[in-house]
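This report walks through one protein model. Keep the structure open as you read.

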Amino acid sequence: MKGSNKSAPALAESVEGRPPIKENIMEQRTFPTPSGDSDVITKLQGVRRTAKEKKQERFTALLHHVTVDLLRESFHRLKKQAAPGVDGVTWEEYEQGLEDRLIDLHGRVHRGAYRAQPSRRIYIPKADGRKRPLGIAALEDKIVQQAIVTVLNEIYEADFLGFSYGFRPGRSPHRALDALSVGIVRRRVNWILDADIRGFFDTLSHEWLLTLVQHRIADPRILRLIRKWLRAGVSEDGEWSETKIGTPQGAVISPLLANVYLHYAFDLWVEAWREKIATGDLIVVRYADDLVVGFQHKADAERFLNEFKERLAKFGLELHGEKTRLIEFGRFAEANRSNRGEGKPESFTFLGFTHACGKRKKTGTFTVIRQTAKKRMRQTLARLKQDLQARMHDTPATAGAWLKRVLLGYYGYFAVPGNTSVLGVFRYRLQRHWLHVLRRRSQRGFSWRSFDNLSDRWLPHPKTLHPYPEQRFNALYPR
């Protein structure tokens, strides 16, 4: 039996479909500029109302919303400590004479004299030993991109579906994790498709992207800016190279463009697939290019996977063969596999957490166990080990204060119910790395007893910081 998308609207909209409009309006907002000018806010609210009321409307005049006030607000939203791009200009340097700079930038943008600069390419290590390319834009490019994102968000936040969580205002990774857990527990989910799009940001088609953007955006000046950013190229070791496909990971505009691309290539398609083809329940959670689909029937899952590959190929994309898996998962998975003489259900990883089938201790009912993915933990510990070695000559108090901030940040993300024991392992291994560094810097050695006092002072013990998924989900989407 196919799950209804009209009954129980809060659950259906939140887990699988469009979130309540009221929540979107409350969460997506333009913050007041330092000047206190509310004209920008009022006009952007008008754009949002039009986008919501007229779903086929193409916006032909948007650039006038990019004012000096909006550019100023965009500048203050940027990270102050971010690495500079090819221009070498830092946030602090640009702040000197900010008003004159912004007035000049505003003039260049509106008369067409603004020129996008290439992104400075760097590489960061991945857990599997490979390196992920990142593009660092010049500071003025970041400012203009942030301003355009603020304007376009007013349109696309009225269009994007509820199961899309990546890099959207007020839609954090933990909301995506909650929706996935609640969907698996409350819906008739027996199979999980853990899908990974191969090199999405590096391979998306410029031609398709611009075509999809033009479904809503018809202002030639906005489209010209997007083309400039896509074609600005990259600079690596002083050598410029052209970019014919992809959008730089790290660019301010890239997450929005990625969401627009997948909104048309995946979200609308899977919504129609569920309505017209699925024979049972189907849930979807997507965070940027990382997505999970749950099915009631294996036949639906297998058909969906084959047709999904064809759908992606149409848009120049493909699934990663090694990272995409269809597994048996859900409340009946353990019993079914046991009856067939098979092992326990497989787990899958989403947003840094390994998800496994489990039971509640008190009631024995099915639940989804979420623990820090081992690969993510190893990667984080390896990086912190290097950082500790670089800080070898810091005083214990200085290093301890830094480690405390690191641990609190780590707990802030991973301290979900049922994960404290894994966080305790993380803390212990971090202790060992710190002790090793302290013993290397001290000629007299460092005993465990004295180190215990030091670590108890600076390294907080883990405790659960997030509510159970159902609690937060019910609070956000009351029936």
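## Overall picture

The protein exposes about 23000 Å², and carbon and sulfur atoms supply 51% of that area. The model is predicted. Of its 479 residues, 50% are buried.

The secondary structure comes to 19 helices and 11 strands. Among contacts with a separation of 6 or more, 74% link residues 24 or more positions apart.

## Helix 4, an enclosed helix

Start with helix 4, residues 68-77. Eight of its 10 residues are buried, so the helix is largely enclosed by the rest of the structure. The buried residues are Val-68, Asp-69, Leu-70, Leu-71, Arg-72, Glu-73, Ser-74 and Phe-75. Charged side chains are on that list: Asp-69, Arg-72 and Glu-73 are included.

## Helix 4 against helix 6

Two packed helices are described by the angle between their axes and the distance between the axes. How do helix 4 and helix 6 score on these terms? Their axes come within 9 Å and cross at roughly 120°. Helix 6 covers residues 98-111. The two helices are therefore oblique to each other. The reason is the cut-off: an angle over 145 degrees would be needed for roughly antiparallel, and roughly perpendicular ends at 115. Helix 4 passes helix 6 in a right-handed crossing.

Which residues make the contact? Helix 4 supplies Val-68, Leu-71, Arg-72, Phe-75 and His-76. Helix 6 supplies Leu-98, Glu-99, Leu-102, Ile-103, Leu-105 and His-106. By class, the contact has seven nonpolar, two polar and two charged residues.

An α-helix has 3.6 residues a turn, so residues three or four places apart point the same way.

Gln-146 is found in helix 7. Is this residue buried or exposed? At 13% relative accessibility, Gln-146 counts as buried. Leaving aside neighbours within four places in sequence, Gln-146 is in contact with Ser-74, Arg-77 and Val-252.

Gln-45 lies in helix 3, residues 39-53. At 42% relative accessibility, Gln-45 counts as partly exposed. Gln-45 and Val-151 are 106 residues apart in sequence. In space, their C-alpha atoms are 9.8 Å apart.

## Helix 10 against helix 11

Helix 10 covers residues 206-213, and helix 11 covers residues 220-231. They pack at an angle of about 160°, with their axes 11 Å apart. That makes helix 10 roughly antiparallel to helix 11. The crossing is right-handed.

On the helix 10 side, His-206, Leu-209, Leu-210 and Val-213 take part. They meet Leu-223, Ile-226, Arg-227, Leu-230 and Arg-231 of helix 11. These contact residues divide into six nonpolar, one polar and two charged.

## Positive phi in two loops

Phe-167 has a phi near 55°, a positive value in a residue other than glycine. Phe-167 sits in the loop between helix 7 (139-156) and helix 8 (173-186).

Ala-288 also has a phi near 55°, again positive and again not in glycine. Where is Ala-288 found? Ala-288 is in the loop between strand 6 (282-287) and strand 7 (290-295). Ala-288 is buried, with a relative accessible area of 7%.

Key
Residues numbered from 1 in each chain as written. Predicted model: local features only at pLDDT ≥ 70, side-chain atom pairs only at ≥ 80, totals over all residues. Heavy atoms only, no water. Axes fitted to C-alpha atoms, helices over the stretch in contact; angles between N-to-C directions. Helix = DSSP H or I, 4+ residues; strand = E, 2+ residues; numbered from the N terminus. Parallel < 35°, antiparallel > 145°, perpendicular 65-115°, else oblique. Left-handed = near helix turned anticlockwise from the far one by under 90°. Contact = heavy atoms within 4.5 Å. Buried < 20%, exposed > 50% of the residue type's maximum accessible area, 1.4 Å probe, protein only. Areas by Shrake-Rupley, 256 points an atom, 1.4 Å probe, with all protein chains shown as cover.
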